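Here is a short note to read beside the model. Please keep the structure open and check each point as you go.

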Amino acid sequence: MSAAAASPVCPQPLRPDGPVEIVPGVHWIGAFDPGLRSFDTLMKTANGTSYNAYAVRGSDGVAVIDTVDAAYADTFFVRLEAVAGYDEITRIVLNHLEPDHSGALPELLRRAPQAEVHVSPRGLQILRTILRDEFGLYRITPVTTGATASLGGRTLRFFTTPNVHWPDTQCTYLEEDGLLFTCDLFGSHYCDERLFDDRVGDFRFALEHYFDRLMRPFRSFVVGALDLLEPLDIAVIAPSHGPILRTDPRAYLRQYRKLAGPRFSFGGGTDKTLAILYISAHGSTARLAQAIRDGAAEEPGVRVSLFDLEGGDLHPFIDLVEEVDGIALGTPTINGDAVRAIWELLAMLVDIETKGKLGAAFGSYGWSGEAVRQVEARLQGLKMRLPEQGLRVKLEPSDAEIEEARAFGRRLAAHLTGRAVPREIDLAELAPR
Ligand code: FEO
């Protein structure tokens, strides 16, 4: 059957305790968790979530695609047993091994030890840890993009889609039906036993909130996954959380493309961009920030902007930092520490992709001046590149120190345009001086 010929209708009334047929021979066998209010500590879940798992029947056997959180293993097995015997299971596909999908796996393998397990190479490493002493008991086959597995009349095709949102993530395509099993990708933490996107409540907020909290830090990997999946003839997207997407699946691909794209709808030109964000206690760090801006602005091809974090909510700056090529953070040292707004901003940067951006720190201090080094360590933790050692000035900057700040700005800008000789700071250089 071609994807275009597939009939993605729900041909039976939904039975919350039973399996749900997606297309003939393919069943949802997951679990509902309506009471969940916080997922992974990463995001709130106002009406819970579902853990979607699937069973696919071919003429030669049954494939189980993903499992559920261990707390819901019992209901998963009840639903699985309603559509297949354990001795019929020939394949188990693990698109992602986070506990909400692998929780019932060890017991499933004990019940169907003959099944061949298909997992990404990175997933294999995690699987070894999950199964521990039992790892050697099973037939485990790592798969990468292009590999296939036959169920008899039905073919599973694997696509390696790393970091959406773990290194192990992959997608699995049921060729004959155009069904794409995407695990977390295209998921929503939205629990509704009506299950299909044309039957559940309004879950648009949940789908986009989920993207923001789980996928946004990996948006370049999302784009890579979309490049890989978009050429497929897709009749249904079957994610591992929330509604099954059978109404115009292309619309979800387009929406994901949009969500993974630039935050600002107007063009920013071709200049490199540097944002200087600072807090100042007595005006000295502000003077350094201004001088850094002036110096950086001397470099052709760099657009520099200056923001006092006292003057606004932090959230909009996350969008800004996501889009610029580099940031310089200025903070005084108060009680041996960077100030709270800087730490809050740094904590929020975990929500976006920061790897490879230019980062720098600067600030005035009165006594010990630890803050700049602390900020640098955090920027390194965010996998930014720090080509310049941070700029620290004791109390009010002198004229010479203001000129030093201008030169610092010029060098940062030159690193952005590629006109400077790159130099990465070693962690050893960050020791307190
Ligand atoms: Fe739904 Fe990454 O677990």
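1. Start with the domain interface. Domain 1 and domain 2 bury about 690 Å² between them, with 26% of it on carbon and sulfur atoms. Buried area is the accessible area (1.4 Å probe) that two parts lose on being put together, summed over both. In domain 1, Arg-216, Pro-217 and Arg-219 lose the most area to domain 2; together they make up 77% of what that side buries.

2. A word on the source. This is a predicted model: local features need pLDDT of at least 70, side-chain atom pairs count only at pLDDT 80 or more, and totals for chains, interfaces and linings use all residues. Residues are numbered from 1 along each chain as its sequence is written, and side-chain values use heavy atoms, with hydrogens and water left out.

3. Where are the domains? The assignment for the protein chain gives domain 1 (4-259) and domain 2 (272-416). Such bounds come from an automatic or database domain assignment. The two domain centres, taken over C-alpha atoms, are separated by 42 Å. Eight residues of domain 1 are in contact with eight residues of domain 2. Contact means heavy atoms within 4.5 Å.

4. Next, helices H5 and H7. Helices (H or I, at least four residues) and strands (E, at least two) are DSSP runs, numbered from the N terminus. H5 (residues 204-215) and H7 (residues 249-259) pack at an angle of about 45 degrees, and their axes are 11 Å apart. Axes are lines fitted to C-alpha atoms, for helices over the stretch in contact, and angles run from 0 to 180 degrees between N-to-C directions. H5 and H7 are therefore oblique to each other. Angles under 35 degrees count as roughly parallel, over 145 as roughly antiparallel, 65 to 115 as roughly perpendicular and the rest as oblique.

5. Which residues of H5 meet H7? They are Leu-207, Glu-208, Tyr-210, Phe-211 and Met-215. On the H7 side are Tyr-252, Gln-255, Tyr-256 and Leu-259. By class, this contact of H5 with H7 has seven nonpolar, one polar and one charged residues. Here Ala, Val, Leu, Ile, Met, Phe, Trp, Tyr, Cys and Pro count as nonpolar, Asp, Glu, Lys and Arg as charged, and the others, Gly among them, as polar.

6. H7 also packs with H6 (residues 219-229). Their axes come within 9 Å and cross at roughly 150 degrees. H6 and H7 are therefore roughly antiparallel to each other. Val-222, Val-223, Leu-226 and Asp-227 in H6 meet Leu-253, Tyr-256 and Arg-257 in H7. The residues of this contact divide into five nonpolar, no polar and two charged.

7. Now look at H10 (residues 340-348) and H11 (residues 371-381). They pack at about 5 degrees, with axes 11 Å apart. That makes H10 roughly parallel to H11. From H10, Ile-342, Trp-343, Leu-346 and Ala-347 meet Gln-374, Val-375, Arg-378 and Leu-379 in H11.

8. Finally, check two backbone spots. Most residues other than glycine have a negative phi, and most peptide bonds are trans. Thr-41 is not a glycine, yet has a positive phi of about 65 degrees. The peptide bond from Val-164 to His-165 is cis, with omega near 15 degrees. His-165 sits in the loop between strand S13 (155-160) and strand S14 (170-174).
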